[in-house]
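Here is a short briefing on pockets and their linings. Please keep the structure open while reading.

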Amino acid sequence: MKKLAVLLSLLLLADISHAAGFALYEFSARSTAMGGAAMANEAEAASLASNPALITELTGTQAQMGITAVTAHAKTTVAGQSRTLKDDVWLLPNFFITHKLSDDVSVGLGGFSRYGLGGEYKNWQSWPGSQLAYHVKLETFSFTPTIAIKASEELSVAMGLEAMVIGFTQKSTLMPGAMADRTSYKISGSGVSWGGNFSFIYRPQWAEKWALGAMYRTKVKQELNGRINAGMEYGDPLNIYNADAKGSIALPDSISAGISFRPTEKWTLEAGIVGTFWSSYDQILIEYKDMENTPTIHNQKDYKDAYRLNLGAEYKFHPNWAARAGYVYDKSPINEKSMDTLVPVDDRHIASLGVGYTNGPWSVDVAYAHIFSKDLSGTTSAQFRNQPVEYSDGRSDMYALTVGYKF
C-alpha cells in the first residue's frame, strides 16, 4: 500500500493564536500572567504542566481547575489575494490534582492541552490559498500521571507519563473558483499516543534566594486513524478518494529551563527559555487502509529549531493578594520558503498581566495576555508552485481563570 502525504501540515502547526511553533503554554492563569515563567518559583498544582518536580513542595492534597479563552485575528495573502480569519473564540480547559504521600514522595495527575489549532478563512471559495487549507480544527488533551521525589533538602526530581488524545479536521480545495464546492475535500482523524517528561528543581542552601528548574519532554509518536472525503464518487484529478486512512507522525522533543530570584519576601522574578527541535519535522505520511496503487503527494516542511524566551514577575502587595506581569519572545520555526495558510504569523511578542487572591484553602487567579505578531513574506513550497505568501496583521487576546482548593 503506497503512502499519501496528504495536506495535513496542521498536525505540526500551532494554534493560530498561540505558539509560534505548535506548543501551547497556557497551563494556569498564574503562569500565563508571568509569561510562562513558572519553572523555578512558587509551586502550585498546575506545576504538573510546567515543572512537575515542584509538587514536592505542596502539602496535603491540592487541586486546580481553569480555562483560557482565546480570540485571534490574522490576514494571509496568497498570489496577491488576501483573506482574514473569521471571528471565533477557542477554549482551553485544564485540571490538576496533587497529593503528598510522604515527606519525600508526591504524586499528581494533570489534564491540559499542549497543541491546538483552529480557524476558517472568510470568502475562501475564490481564494488561491484554499488549496493549502481554508478550514482547520485540531484539538489535543494530555493526561499526565506523575511521581516526584525529594532527593535532598536542595533537590527534587520528577518523572511523568503522557497520554495525548488528538482529533482534527481540515478542509481544502483542489482548485478555487465557481466549482469549489465540488472540488473541496475534508480530512478528519483521531488518535492516542504516549510520551514522557523528566524534570528537577534545585534550591541551593548557599544561595537561598535563587532556584533553578528544568524539564525535558520526549518525542510523541502519534498513530492516526481517520477518513478522507473528497466529495466526488470517482475522486479528482489527483486521485484523492473517499476512503479510510491511517498514518503516524512524531512530535518533536523539547527542553525548558528557568532561574528564579527572590530579592525580598514580596518579590519573585524569573527568566526562562524553551528550545524545541523542530528540524526533526519533514512531512506527514498518510496511507489508505484498503486501496492499492494510490499516488504519493508530498507536503514537505522544512522547519527550523526554535526557542522561546520569557520573563515574569510577581509582587505580593497584601497577604491575600499578588500582582503579576510577564513578557515572552516566541521565535517562529516557519520556513519562509515553505509557507502555508494555517499559521499566519511569524515571530511574536506577548505582554501579560494578572492578579491572584487566596483566602484559606481557596485561591483564584486571573490573567490577560496580548500577542503581537510579526509580518512575514515568502513563498509556498515547490509542491504548490512557489506562490508568493504574506502574513500580516496578526494579533490575539487571551483571558485565563484558575480556581484552586487545598484539602
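This is a predicted model: local features need pLDDT of at least 70, side-chain atom pairs count only at pLDDT 80 or more; totals for chains, interfaces and linings use all residues.

**Largest pocket**
- The lining consists of 30 residues, and those closest to the pocket centre are Glu42, Ala43, Thr358, Ser363 and Lys406.
- Strands S2 (61–78), S16 (306–318), S17 (321–330), S18 (348–359), S19 (362–373) and S21 (388–406) are the elements that each give two or more residues to this lining.
- By class, the lining of the largest pocket splits into 11 nonpolar, 10 polar and nine charged residues.

**Second largest pocket**
- Here 24 residues form the lining. Trp90, Leu117, Gly118, Lys137 and Glu139 lie nearest the centre.
- Two or more lining residues come from each of strand S4 (89–100), strand S6 (116–120) and S7.
- S7 is the top contributor to the second largest pocket, giving seven residues.
- The lining of this second largest pocket divides into 11 nonpolar, six polar and seven charged residues.

**Glu139**
- Glu139 sits in strand S7, which spans residues 135–150.
- Glu139 is also among the residues nearest the centre of the second largest pocket.
- Leu117, another of those residues, is 22 residues from Glu139 in sequence. The two are 6.7 Å apart in space, C-alpha to C-alpha.
- Leaving aside neighbours within four places in sequence, Glu139 contacts Val165, Ile166 and Gly167.

Definitions and conventions:
Residues are numbered from 1 along each chain as its sequence is written. Side-chain values use heavy atoms; hydrogens and water are left out. Helices (H or I, at least four residues) and strands (E, at least two) are DSSP runs, numbered from the N terminus. Contact means heavy atoms within 4.5 Å. On a 1 Å grid over the protein atoms alone, a cavity is a set of points where a 1.4 Å probe fits but cannot get out, and a pocket is an open set with protein on both sides within 12 Å along at least five of seven lines; lining residues have an atom within 4 Å of a point. Ala, Val, Leu, Ile, Met, Phe, Trp, Tyr, Cys and Pro count as nonpolar, Asp, Glu, Lys and Arg as charged, and the others, Gly among them, as polar.
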